[in-house]
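Load the model in your viewer and keep the selection tool at hand. The tour goes from one selection to the next.

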Amino acid sequence: KRSPLAHIPGPPSSSFIYGNLPQLLLPHTYGTFEFSWQTTFGGLYRIKGPFASDRLVISDPAALKAVMSDTQTWRRSDQQQYSVDMLIGKKAVFYIEGEEHKRVRNVMNAAFAPVVIRGLPPVFKGIAEKIANRWEDMLVSGAKLDASGAMDIYPSLHDATLDAVGEAPYPVSVLPSTSSSMRSYHTYRPPYYRSPSSSQPPPNRKSSGSALRGGEMSPTRLALKANASSKLGHQMSDEEMAQQIPSLMIAGQDTTGNTLSWAIYRLASSPELQEKIRAEVVEACESSPGGDISLTTIEGMVWLNAFLKETLRLHPGLPMSDRIASTDAVIPVSQPITTSTGETITEVRVPKGTHVHFPSIDADNTNLCGRLAYVWGPDAHEFKPERWIEPSKWAGNRAASNFGPYANLSTFFGGARVCIGWRFAVTELQILFTELVRRFKFALPPPETSPELQVRMSVAVNMIPVVKNGKPSLPVIVEAV
Ligand code: HEM
């Protein structure tokens with residue numbers, strides 16, 4: 001029987017059993033196939049799933065918007081739901097749908113309200129101080145990976161984002177411990193987990209005390225408070241609440257830690273940009289009373305923000321997701337597609353059960369979205385913060401990028417399931433990045449003398465930096481300013 005999607009162009013299948021999925025999901029370097037398929041076929045194309053089934057890969061902003069906003073039609077795939085259930089449980093915000101999802105999101109949104117975010121800069125500054133102290137100690141103790149002098153700063157950046165979401169300063173003992181789902185929380189540890197004590201400042205350091213404040217302001221703590229004060233009938237049960245805590249920690253730690261890692265990698269790759277941003281940061285700190293930068297000052301830092309937007313565009317923390325059509329549906333595209341029968345179409349009719357992948361949820365939006373030439377221009381794959389500053393440097397169609405809560409980037413998705421922590425993550429990145437750039441200079445180990453330490457993008461749920469032996473690391477030559 002001819003598939004209703006057979007006329008949509010796409011790459012040939014590489015295997016009858018697995019289709020194109022190994023190329024999509026398991027490439028050695030992230031994007032190896034997707035980037036070239038996107039260049040050939042555009043923002044919506046067909047790939048083969050298992051046993052010659054047809055699936056779609058979308059990165060076109062209009063298509064993403066349509067799929068992300070219609071949560072009735074487009075449901076998470078069984079595979080995704082199964083993984084969330086195994087990891088956290090069926091009450092997790094990632095798992096639940098419809099009215100139940102709306103109710104839980106309403107309660108949790110209070111933990112991420114703009115008024116809460118405005119109070120976060122001192123908390124994040126305290127966390128940055130801890131990383132800086134640790135790096136100073138590493139510089140003294142000579143924790144170098146090779147003769148280039150590079151140190152692996154990846155673990156400390158992850159500890160920092162773990163602090164930020166709340167585990168280190170606020171142990172789970174604040175939670176009700178009666179529900180059975182808490183057991184799985186107690187035993188779950190994110191991949192780069194370290195015990196809280198390992199990220200405490202050494203005894204000879206002064207602590208700013210913000211770790212405690214960090215605990216009080218952590219999303220996990222705030223979600224508990226928000227639940228306690230929400231209307232009766234809307235409140236989450238203990239079991240529901242207990243599953244949102246690991247949800248926030250899983251969703252909030254690695255995504256932000258990896259984005260910060262990529263930001264520092266990009267900074268280390270570009271000495272000129274680094275100097276420009278440091279000059280902006282130093283000026284802003286000098287004009288801020290006590291060196292404490294407010295969010296308003298941060299928002300005024302043109303280069304810093306352009307740099308972080310460009311990092312979020314090219315290195316979306318969560319580079320893949322998918323959805324399944326629960327009924328027949330129509331997906332519009334902003335750029336017409338020429339089918340294999342020669343017809344030009346601006347929408348694709350898909351049958352119930354169609355599986356749609358958003359690769360690269362980062363890459364822009366699910367991430368390829370961040371790399372579409374007709375949105376970003378022919379230099380879409382280049383790291384150019386100036387495109388956010390000078391309109392003439394944005395060679396693509398800026399208006400086509402109209403999806404996503406921050407800077408119209410698809411990195412946090414959109415619609416009813418938009419990332420709940422996007423404001424928190426952006427503020428955390430802004431403050432940690434500012435403090436680290438102010439205190440340290442970064443350079444990459446040269447490829448000629450340190451071939452083993454060269455970084456490539458890989459995907460392990462998140463988009464992570466890995467070195468030649470496949471280990472997640474970020475080897476960088478760090479120098480105190
Ligand atoms: C740069 C950092 C981050 C990135 C790139 C990111 C990205 C995303 C994306 C793409 C989704 C949608 C996933 C899907 O529907 O398949 C999502 C959902 C979510 N994110 Fe984030 N996120 C980040 C930081 C955070 C932080 C800091 C928190 C909380 C502390 C958080 C909490 C969540 C939660 C709870 C969801 C599920 C929302 C729902 O299904 O209603 N994220 N995130």
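Which residues are buried in α3? The model is a predicted one, and in it the buried residues of α3 are Pro61, Ala62, Ala63, Leu64, Lys65, Ala66, Val67 and Met68. Select residues 61-69 to see the helix: eight of its nine residues are buried, so α3 is largely enclosed by the rest of the structure.

Next, select residues 44-48, which make up strand β1. Five of the five residues here are buried, so this strand too is largely enclosed by the rest of the structure. In a regular strand the side chains alternate between the two faces of the sheet. For β1, Leu44, Arg46 and Lys48 lie on one side, Tyr45 and Ile47 lie on the other, and both faces are covered.

To find one of them, pick Ile47 and look across to Arg55, its bridge partner in β2. The two strands form a hairpin, with five residues between them. Stop at Phe51 in the turn, where phi is positive, at about 50°.

Now move to residues 329-338, strand β6, and select Pro336 within that strand. Is Pro336 buried or exposed? Pro336 counts as exposed, because its C-beta neighbours inside 10 Å number 11, and the cut-off for exposed is 12 or fewer. Leaving aside residues up to four places away in sequence, Pro336 touches Thr344, Ile345 and Thr346.

Finally, select Ser410 along with Pro336: the C-alpha to C-alpha distance is 20 Å, and the two are 74 residues apart in sequence.

Terms used: Residues are numbered from 1 along each chain as its sequence is written. This is a predicted model: local features need pLDDT of at least 70, side-chain atom pairs count only at pLDDT 80 or more; totals for chains, interfaces and linings use all residues. Helices (H or I, at least four residues) and strands (E, at least two) are DSSP runs, numbered from the N terminus. A residue is buried if 20 or more other C-beta atoms lie within 10 Å of its own, exposed if 12 or fewer, and partly exposed in between; C-beta atoms are placed from the backbone. Two residues are in contact if their C-beta atoms, placed from the backbone, lie within 7 Å. Two strands pair if DSSP finds at least two bridges between them.
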